[in-house]
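The following exercises concern the structure shown below. Each task is followed by a solution in steps.

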Amino acid sequence: MEPEELKEKLVGVNCVMLTPFKEDYSLDEDGLRANTRFLTKSGVNVLIPTGSTGEFWSLTPEEHKKVIKIVVDEARGKSIIVAGTAHSGTKLTIELSQYAEKVGADGVMIVPPYYQKPTTEGIYEHYKTVAESIKIGIVVYNNPWTSKITIRTDLMERLAKIPNIVAVKETSGDLRLAFRMINRLKDKLTFLAGAEILAPFYYMLGAKGHVTSTANFAPQISIDLYKAAKEKDWNKMDKLYSILAPYFEFVERLTEKKNGTMYISIAKEAMRILNLPGWPPRKPLLPLTEEERKELKEILKKMGLLREQ
């Protein structure tokens, strides 16, 4: 897919996919295929394998590539596929991006290099070098929580001039930054809300779509949320958001209580409760306690995802 075409099609629900493992923590290939089919049949527009939610940082290079290949094989022609190809260095980011292009991904999503903190110029050169190594489109992932770097508007304007950089996934949570980016770059890039908890606010600012992990197990709610935004039906969006709110509150509460990443473990537990492949998370992430699992089960019931038992 040409970058300009990808730019136009990166709208609506962008599901960042969980990577299912078996109980021995090996890759569950059959489960990944089943999840991919579930999402394409549900009508999810964009699939993002090997993103942060997909625990890409816990995958071996061989597993990383295998996950991308499986999703492409199952979803090609049914959903847009934007593979996560981020790495801590430029060389391996290029290798993964070229592989994604080779096997048929429509684009790649790349967070800035992590662990070492590059300069602003180093970040620009990173994206520029990767972009020059492939022909497919690139989504810049602005996530200071994981990369410890915030891509500011001035840098994003420079990156937007690189021909195959087509979109930005904005996850800083800074609505003022989002407002500036959308207003300055709306004719140059597709703007994606980086998390569903922020989606209503970002849609009001002019976002074209949102990235979500809850779509792994509740795709219809995410799709309806986008439809409400597209129709500018803010009352309907508010009702849908109220359905998701208890889940978001649970994630935030456990994250604060345990002082660590919990959204992946919670999403994987939701998959397990709903009999979808996903569980367990790989260490150092840990599964929920039995008490936490019971609370999540009640939340899923309130969301209409689980019948009363």
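**Exercise 1: Serine 52**

Serine 52 is found in the loop that joins β2 (46-48) to α3; helices (H or I, at least four residues) and strands (E, at least two) are DSSP runs, numbered from the N terminus. The model is predicted, with local features requiring pLDDT of at least 70 and side-chain atom pairs pLDDT 80 or more, while totals for chains, interfaces and linings use all residues. Residues are numbered from 1 along each chain as its sequence is written, and side-chain values use heavy atoms, without hydrogens or water.

Task: determine whether serine 52 counts as buried or exposed, and which residues are in contact with serine 52.

Solution. 
1. Buried means under 20% relative accessible area, exposed over 50%, and partly exposed in between (1.4 Å probe, protein chains only).
2. Serine 52 has 13% relative accessibility and therefore counts as buried.
3. Contact means heavy atoms within 4.5 Å. Neighbours within four places in sequence aside, serine 52 is in contact with Trp57, Tyr141, Tyr263 and Ile264.

**Exercise 2: The nonpolar cores**

Task: identify which residues of the largest nonpolar core touch the most other members.

Solution. 
1. A nonpolar core is a set of buried Ala, Val, Leu, Ile, Met, Phe, Trp, Tyr and Cys residues joined through side-chain atoms within 4.5 Å.
2. The largest such core has 81 residues, of which Val82, Met156, Leu159 and Ile165 touch the most other members.
3. Helix α3 (residues 61-75) gives the most to this core, namely six residues.
4. Another core, of 27 residues, lies apart from it and includes Ile221, Tyr247, Met262 and Met271.
5. Beyond its neighbours within four places in sequence, isoleucine 165 is in contact with Tyr127, Ile138, Val140, Met156, Leu159, Ala160 and Leu189.
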